[in-house]
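Please walk through the structure below with the text at hand.

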Amino acid sequence: MRSVVVGGGHLAYFAIKALEEMDPRGRIIVIEFTSEKIDMLKKTFPFAEAVLSSIEDVEDYVSRNRFLIDVLVSATDSDALNLRYAKHAIKSGVPIVIAILNNPLNEPIFVKEGVKYVINPYKTITSKIKEVVGKFRVNVVYEFSKVDGGIYALKVENSKTLRKVKSFILKNDSPFFVLSADKRIRTCSVEDIQIGDVVYISCHDREVRGLLKRMGG
Amino acid sequence: MRVVLAVLSIALAIFFGSKLGNLIMRNLSKFGRSFASKLAEIVKYFLIILGVVVAFSILSLDVIVLTGVSIGIFIVLLVSLRDVFSNYAGEIYLRVRRPFDEGDFIKIGRISGRVVSINSQDVELVSVKGERIVVPNQFFLKYPVVNVSSTTPSSIELKVIFKDVVPEEARKMVMETLNEIRPELFEEPKIVSISTKNGKTEVDLSLSVVNQQKTRWLIGRLSKGLYDRGVEVEIE
């Protein structure tokens, strides 16, 4: 698989690592704008090809290689550039185009501009804090990239919530597992869910929003 | 007095047209800004024309004649621009139903390709061979669309035909050449079968790619790799 990563900063570092892990025999090309970073990239990622380019020439490179690029990851330090390159790659017919955000507030702009796969590296901060502190009603544990849904943690605090959660699972036939108050992870029937449990449900986003509404949250 | 009322009706039509236009822009922008602004413009001008017709009727011009003329113009417009309207209807369907997005690989009728852009009149695709295909939006109302997931790798089945090469040697050469193109593939390439027919060795291959436009390039690389090893092959 031929992957092109634009940018050589810390965002790109994780993208290159993941691409190498997925396809160790694949071809990874990293496009960077400064020669110092190119030297660093060559040392850090000897398996990747580091290409020095100007900001303006990236689009030309993508256009010339559009028949060959399988994945393009736009991971520069500038969201404006990331959006520009991602949009150009989509227009050029690159099958998988991923943009990594620097500023999480820019996510709606990317989505509005038609970039389907936007990675917000800061998204886990909220869910992690909620999980560690343990004070939440619904916590978004994981959001799927290709489906509008994910894995949601629901804290069963009282009998009303217990009733709502049980009826939600039965109605939507959602897969779930439970983390008990005594830190045991267990699969069980709906009837065995107890007050104090945290129920991890996988379902569509709109379904969990509906549940939240019914729970008055 | 009649002139004042006529002017008032036109003014009101302009006012409500622009208000309704803004309302449409606000509420339908989620389906795309250009789409919403186009719809807002259509509604706005429709109301203005309506206001003008009302103004004429206030000025005592024969309403029946005016209505007849309006209907006539409307029918002529509808007939002459039926394809354009049909394409707009197609756009509404694509924006609301969203059967695919930009970047998806789709099949419609005998055409297939990756969606580059969804426009008001057409959808632009890039075929596996790299050709730009423009599909009028009305096609999406008439034919079923198959949305082959944008990121699903597809399998290319190839047959490499050798003359005067024994199967073992053919396998070795094909494997060596496949190793050279492996970095461009999604998975390890597979030799499905090797057979001999009429003195020719046929090697069936399965290659997995994400970017279907790469197919022609891969075939070229494969035949070049084998040519560099001293054999000429046919690839189907």
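In chain B, strand 1 (residues 105–108) is joined to strand 5 by four bridges, and the two run antiparallel. Two strands count as paired if DSSP finds at least two bridges between them. Helices (H or I, at least four residues) and strands (E, at least two) are DSSP runs, numbered from the N terminus. Within this pair, B:Phe105 stands opposite B:Val148 of strand 5 of chain B.

The model is predicted: local features need pLDDT of at least 70, side-chain atom pairs count only at pLDDT 80 or more, and totals for chains, interfaces and linings use all residues. Residues are numbered from 1 along each chain as its sequence is written, while chains are lettered from A and ligands numbered from 1 in the order in which they are written.

The pair belongs to an open sheet of five strands in chain B, with the order 4-3-2-1-5 and antiparallel pairing. Strand 4 and strand 5 (145–148) of chain B stand at its edges with a single partner strand each, so one side of each has no neighbour in the sheet. Neighbouring strands of this sheet are turned by 40° against each other on average, direction ignored. Axes are lines fitted to C-alpha atoms, for helices over the stretch in contact, and angles run from 0 to 180 degrees between N-to-C directions.

Chain B also has an open sheet of four strands, in the order 7-8-6-9 and with antiparallel pairing. Here the edge strands are strand 7 (190–197) and strand 9 (233–235) of chain B, each of which pairs on one side only. Strand 6 (residues 154–163) and strand 8 (residues 200–209) of chain B run antiparallel and are joined by ten bridges. In this pair B:Ser155 stands opposite B:Ser208 of strand 8 of chain B.

Two helices lie against these strands. Helix 7 (residues 215–228) of chain B packs on the sheet and touches strand 6, strand 8 and strand 9 of chain B, its direction making about 165° with that of strand 9 of chain B. Helix 6 (residues 167–181) of chain B lies across strand 6, strand 7 and strand 8 of chain B, and runs at about 150° to strand 7 of chain B. Contact between two residues is taken to exist if their C-beta atoms, placed from the backbone, lie within 7 Å.

In total, chain B has seven helices and nine strands. Of its 236 residues, 24% count as buried. A residue is buried if 20 or more other C-beta atoms lie within 10 Å of its own, exposed if 12 or fewer, and partly exposed in between, with C-beta atoms placed from the backbone. Among the contacts in chain B with a separation of 6 or more, residues 24 or more positions apart account for 60%.

How confident is the predictor in chain B? The mean pLDDT (the predictor's confidence in each residue, from 0 to 100) of chain B is 82, and 94% of its residues reach 70 or more. Confidence in chain B is lowest in helix 3 (residues 63–80), with a mean of 73, and highest in strand 4 (residues 132–136), at 89.

Chain A has eight helices and eleven strands. It has 217 residues, of which 32% count as buried. The largest nonpolar core has 53 residues, and A:Val5, A:Ala15, A:Ile16, A:Val30, A:Leu72 and A:Val97 touch the most other members. Such a core is a set of buried Ala, Val, Leu, Ile, Met, Phe, Trp, Tyr and Cys residues joined through C-beta atoms within 7 Å. Residues up to four places away in sequence aside, A:Ile16 touches A:Val5, A:Ile28, A:Val30, A:Phe45 and A:Ala48.

A:Ile151 lies in strand 8 (residues 149–155) of chain A. A:Ile151 counts as partly exposed because it has 18 C-beta neighbours inside 10 Å. A:Ser202 is 51 residues from A:Ile151 in sequence, yet 4.3 Å away in space, C-alpha to C-alpha.

Finally, the two chains meet in a contact that takes 17 residues from chain A and 20 residues from chain B. On the side of chain A that touches chain B, helix 4 (79–92) and strand 5 (96–100) of chain A are the elements that give two or more residues. The model scores ipTM 0.73 and pTM 0.69.
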